Amino acid sequence: MRHLEDNLWELPSIWSWASMGDVADIIGGGTPPTNDSNNFGDYVPWITPADLSRHKGKTILFGSRSISKQGLDNSGARLLPKGTVLFSSRAPIGYVVIAAQPLTTNQGFKSFLPKQGISSDFVYYWLTSAKRFADELASGTTFLELSGAKAALMPIPVAPIAEQTRIVAKLEELLSDLDAGVEELKAAQKKLAQYRQSLLKAAVEGALTAEWRKHNQPEETGEQLLQRILKERRARWEAKQLAKCKEQGKTPPKDWQAKYPEPVQPDDSNLPDLPEGWVWSSLGQCFHIAVGATPSRKNPNYWDGSVPWVSSGEVRFSRITHTRERISEQGLNNSSTHVNPIGSVLLGMIGEGKTRGQVAILDIEAANNQNCAAIWVSETDIPSEYVYYWLWSRYEETRRGSSGNNQPALNKSIVENIPLPLPPLIELITIVEMIGASITQIEYQEVSTAYSLKQSSAQRKNILKAAFSGQLVPQDPDDEPASVLLERIRAEREQAKSVVKRQGRRNEK
């Protein structure tokens with residue numbers, strides 16, 4: 001333990017530092033051969049680290065699987081008595097739980113069976129705060145693993161037997177109240193997320209502005225807004241074609257206007273009815289959709305330039321005011337990415353985890369990679385926030401609309417066909433204003449809740465720190481010192497070794 005001494009702290013005079021090997025037997029686990037189904041059954045519970053990733057509470061009765069007597073006999077798994085403290089020693093290190101009945105574990109644990117005079121609960125709470133010691137002792141290349149020998153070296157501050165009981169009782173009291181508060185905060189987080197989704201859904205379906213419509217008669221309907229957008233899109237295309245011909249010194253070819261690519265029209269056969277004055281459109285019908293690209297990273301001249309460049313990992317239900325990377329004009333010109341105008345809405349198309357389907361608004365001109373689509377909303381009168389809120393409201397539906405087996409993904413065609421409810425412009429602006437005010441309040445409450453959770457985590461650490469430095473409960477001078485307890489445990493261990501040696505000699509005779 002010499003290399004760990006710098007991380008230890010001063011203890012009360014009747015406490016003592018020891019190693020886990022001094023106060024507990026360290027027991028590994030095992031997995032029976034999985035190609036024989038007879039190794040598994042209902043004989044004895046068998047715990048894996050994966051079981052603890054979903055487990056709540058200090059004790060455990062069962063895992064997701066059990067092994068048979070044959071499986072127990074044909075593996076390194078050992079039957080652990082009730083009260084054994086299970087500690088995951090790899091993938092990941094640091095899950096802790098107490099066996100509530102006899103059970104076994106796989107090889108992902110180093111379990112501690114406390115000696116008489118060492119409380120299982122005391123060891124449990126210590127190990128929940130001692131992961132840093134385990135990490136320091138662990139080794140491995142693919143992933144860190146704590147061996148049995150190294151687990152035995154983990155330090156533990158040992159209190160007198162009676163004080164261990166008092167500490168555990170106080171921890172149960174304080175942490176129970178703290179955990180109840182954390183659960184309430186997590187429930188509040190969930191409710192805020194649900195409320196936001198309900199708000200967005202009500203807004204884009206017209207329920208949020210139902211009362212507004214009773215008192216307002218927009219001059220332009222959603223259908224008329226759509227036709228105006230379509231007319232403006234065609235005019236921009238025609239102007240671009242004429243400019244291209246002029247630049248090349250050519251006369252526009254005969255019937256050149258007939259080559260205009262008509263925007264994607266929505267399939268509204270399975271879409272719900274909209275309020276009067278609204279109309280179904282699609283993203284591809286209303287807006288230009290630009291899929292970006294990544295300039296070659298083999299050419300350093302393409303990077304670290306003046307053009308902001310957005311990766312799909314930066315698209316996170318937010319506004320983008322800066323980017324992690326920039327590309328050069330040379331990189332821009334030698335790839336198929338584009339500089340998107342301010343106000344474009346970015347939609348993640350590919351990505352691990354929850355990236356796919358998330359959206360962001362560009363508050364700067366920026367290019368983007370091939371894993372996200374840029375929706376050029378700013379070419380119209382429609383506020384970018386409306387498209388942003390609409391895509392946020394249908395996040396899960398957009399993810400389900402992905403294609404591909406190995407890695408589900410969206411593509412330009414799928415994005416263009418995403419439907420878009422289009423109300424009159426004045427109502428649309430009203431929706432954005434109403435949502436914006438509510439979203440701001442929700443975000444404020446989310447920040448406040450997250451801060452409270454962070455404080456709770458810090459408070460938990462402080463409580464445990466106080467407990468294992470002798471500051472949580474008062475010392476009793478009449479308590480037997482921990483040094484006496486540890487000496488008794490050592491003596492009992494030596495006596496047990498002597499008994500085993502004598503039995504071995506008799507067997508040899």
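**Close-up 1. Helix H7 and the second largest pocket.** H7 gives the most to the lining of the second largest pocket, with five residues. Helices (H or I, at least four residues) and strands (E, at least two) are DSSP runs, numbered from the N terminus. This is a predicted model: local features need pLDDT of at least 70, side-chain atom pairs count only at pLDDT 80 or more, and totals for chains, interfaces and linings use all residues. Residues are numbered from 1 along each chain as its sequence is written, and side-chain values use heavy atoms, leaving out hydrogens and water.

**Close-up 2. The lining of the second largest pocket.** A pocket is an open set of points on a 1 Å grid over the protein atoms alone, where a 1.4 Å probe fits, with protein on both sides within 12 Å along at least five of seven lines; lining residues have an atom within 4 Å of a point. This pocket holds about 600 Å³ of space. Its lining counts 23 residues, and Gln197, Trp392, Ser393, Arg394 and Tyr395 lie nearest the centre. H7, helix H12 (384-393) and helix H13 (395-400) each supply at least two of the lining residues.

**Close-up 3. The largest pocket.** Its volume is about 1,300 Å³. A volume is the space filled by probe spheres set on the points, which are joined across faces, edges and corners. Of the 35 lining residues, Tyr124, Thr128, Asp179, Arg460 and Leu464 lie nearest the centre.

**Close-up 4. Helix H7 in the largest pocket.** Here too H7 lines the space: nine residues, the largest share, come from H7. Elements that each supply at least two residues include strand E7 (93-99) and helix H15 (425-467).
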